[in-house]
Amino acid sequence: MPYFIMGLNIREIVPRREVLFSELKNKIICVDAFNTLYQFLSTIRQMDGTPLMDDQKRITSHLSGIFYRNIALLEQGMKLIYVFDGKPPAAKVKTREKRDSARSLAGERYEQAKQNEDISGMRRYGSQLVRLNDTMIEESKKLLEAMGIGVVQAPSEGEAEAAYLCRVRGEIYASASQDYDSLLFGAPKLIQNLTLARKRKTFSGYVEIKPEMIELGKLLNILEINLDQLICLGILVGTDYNPKGIPGIGQKKALQLVQKFKQPVLIFKEVEEQILSLPEEHRFDWKEIFELFHRPNVTDAEFEFKKIDEEKIKELLIEKHDFSKERVEKQLKRLKNITEKNKQKGLGDWV
């Protein structure tokens with residue numbers, strides 16, 4: 001993955017298609033906020049891998065991503081709602097421990113690369129050191145609302161709430177996240193690469209990054225499984241709640257198992273010995289994880305698209321975090337133009 005987020009990986013077996021920005025015009029999209037902020041923190045960096053910072057050495061990569069990348073998306077005619085994580089389920093503790101361990105290792109490797117003046121190594125390991133704190137989260141919410149972007153606070157998992165809102169609110173078109181877990185939570189449409197930079201630098205030069213659409217209904221039809229089987233497949237491969245999954249069972253083998261045994265009880269009876277033979281710290285209760293996906297803690301959240309607050313944007317970016325006044329004001333003109341175009345539309349025009 002291009003940034004420091006662990007999660008379900010079923011890329012090899014998931015059918016997808018490129019989606020044009022023109023297809024997303026007049027659409028309301030729920031964005032998995034934490035997933036996207038981590039993406040900004042890990043990819044918007046200087047050449048040596050250090051994040052963007054203000055004069056007081058406070059990280060600003062996330063604010064830069066929110067401001068500049070979202071204006072580009074709003075210009076395409078979309079409306080965005082950022083859905084923030086609430087209290088994580090207890091089952092996610094193992095994932096947090098693993099992330100902390102990985103950060104610690106990345107920190108050691110970053111320092112070694114720094115001593116060796118290895119710029120590419122510094123950039124690689126620096127992107128794995130990202131951590132989202134409460135101040136970053138609150139400032140992100142303030143900036144989003146000041147830009148006229150909707151903000152929703154989920155009771156628990158943000159991607160579960162986004163998936164739920166997409167299912168029950170007819171005016172919301174899709175969920176946007178890099179993580180496939182959104183599909184296990186039942187998101188009817190999942191858009192990936194939406195908030196990434198349009199071009200990514202690789203060893204062979206720049207490659208164009210295009211948004212991709214995964215439609216849950218088509219996915220289930222092509223794989224000849226139902227949502228319960230997809231959840232089981234995810235648990236076999238490894239989710240945020242059981243990061244290791246079952247060693248030796250990859251995406252294709254997991255698909256064969258769920259197609260053959262069909263019912264969750266029978267699927268996990270087949271692999272019961274393998275689960276019991278795992279080291280204690282990697283063992284998991286499949287029923288507990290299945291319920292977290294099947295009946296997540298979600299709510300009928302309300303959202304609104306507030307008026308653009310230029311003064312609040314300037315105060316947060318220019319006065320507090322030393323953003324270029326000239327660049328911010330230039331982007332604010334673009335934002336005002338977008339608002340003028342949207343003035344004639346009511347919420348019913350967004351589908």
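Reply: Happy to! Helices (H or I, at least four residues) and strands (E, at least two) are DSSP runs, numbered from the N terminus. This is a predicted model, where local features need pLDDT of at least 70, side-chain atom pairs count only at pLDDT 80 or more, and totals for chains, interfaces and linings use all residues. Residues are numbered from 1 along each chain as its sequence is written, and side-chain values use heavy atoms, with hydrogens and water left out.

Me: Great. Where does Phe34 lie?

Reply: Phe34 lies in helix 1, which covers residues 33-43.

Me: Is Phe34 buried or exposed?

Reply: Its relative accessibility is 17%, so Phe34 counts as buried. Buried means under 20% relative accessible area, exposed over 50%, and partly exposed in between, with a 1.4 Å probe and protein chains only.

Me: And what does Phe34 touch?

Reply: Leaving out residues up to four places away in sequence, Phe34 touches Val83, Phe84, Asp85, Leu132 and Ile137. Contact means heavy atoms within 4.5 Å.

Me: Let's do strand 3. Why is it largely enclosed by the rest of the structure?

Reply: Strand 3 spans residues 79-84, and six of its six residues are buried, so the rest of the structure largely encloses it. Lys79, Ile81 and Val83 point one way, Leu80, Tyr82 and Phe84 point the other way, and all are buried.

Me: Which strands are joined to strand 3?

Reply: Strand 2 (residues 28-32) is joined to strand 3 by five bridges, and the two run parallel. Val31 stands opposite Tyr82 there. Strand 4 (residues 150-153) is joined to strand 3 by four bridges, again running parallel, and Val83 has Val152 as its bridge partner. Two strands pair if DSSP finds at least two bridges between them.

Me: What lies across strand 3 and strand 4?

Reply: That is helix 5 (residues 134-146), running at about 160 degrees to strand 3. Axes are lines fitted to C-alpha atoms, for helices over the stretch in contact, and angles run from 0 to 180 degrees between N-to-C directions.

Me: How many strands form the sheet, and in what order?

Reply: Seven strands form an open sheet with mixed pairing, in the order 1-9-6-5-2-3-4. Strand 1 (17-18) and strand 4 stand at the edges with a single partner strand each, so one side of each has no neighbour in the sheet. Elsewhere in the sheet, strand 5 (residues 172-176) and strand 6 (residues 189-192) run parallel and are joined by two bridges, with Leu190 as the bridge partner of Ser175.

Me: Switching to helices. How do helix 9 and helix 13 cross?

Reply: The axes of helix 9 (residues 227-237) and helix 13 (residues 286-294) come within 10 Å and cross at roughly 130 degrees. That makes helix 9 oblique to helix 13. Angles under 35 degrees count as roughly parallel, over 145 as roughly antiparallel, 65 to 115 as roughly perpendicular and the rest as oblique.

Me: Which residues meet there?

Reply: From helix 9 there are Asp228, Ile231, Cys232 and Ile235, meeting Trp286, Ile289, Phe290, Phe293 and His294 in helix 13.

Me: And how does helix 9 pack with helix 10?

Reply: Helix 9 and helix 10 (residues 251-261) pack at about 140 degrees with their axes 9 Å apart. The two are therefore oblique to each other. Helix 9 contributes Gln229, Cys232, Leu233, Leu236 and Val237, and helix 10 contributes Gln251, Ala254, Leu255, Leu257, Val258 and Gln259.

Me: New topic, backbone. Which residues other than glycine have a positive phi?

Reply: Lys57 is one of them, with phi near 65 degrees, and Glu224 has phi near 60 degrees. Most residues other than glycine have a negative phi. Lys57 lies in the loop between helix 1 and helix 2 (61-75) and is exposed, with a relative accessible area of 64%. Glu224 is in the loop between helix 8 (216-223) and helix 9, and counts as exposed at 65% relative accessibility.

Me: Last one: what about the protein overall?

Reply: The protein has 15 helices and nine strands. Of its 351 residues, 52% count as buried.
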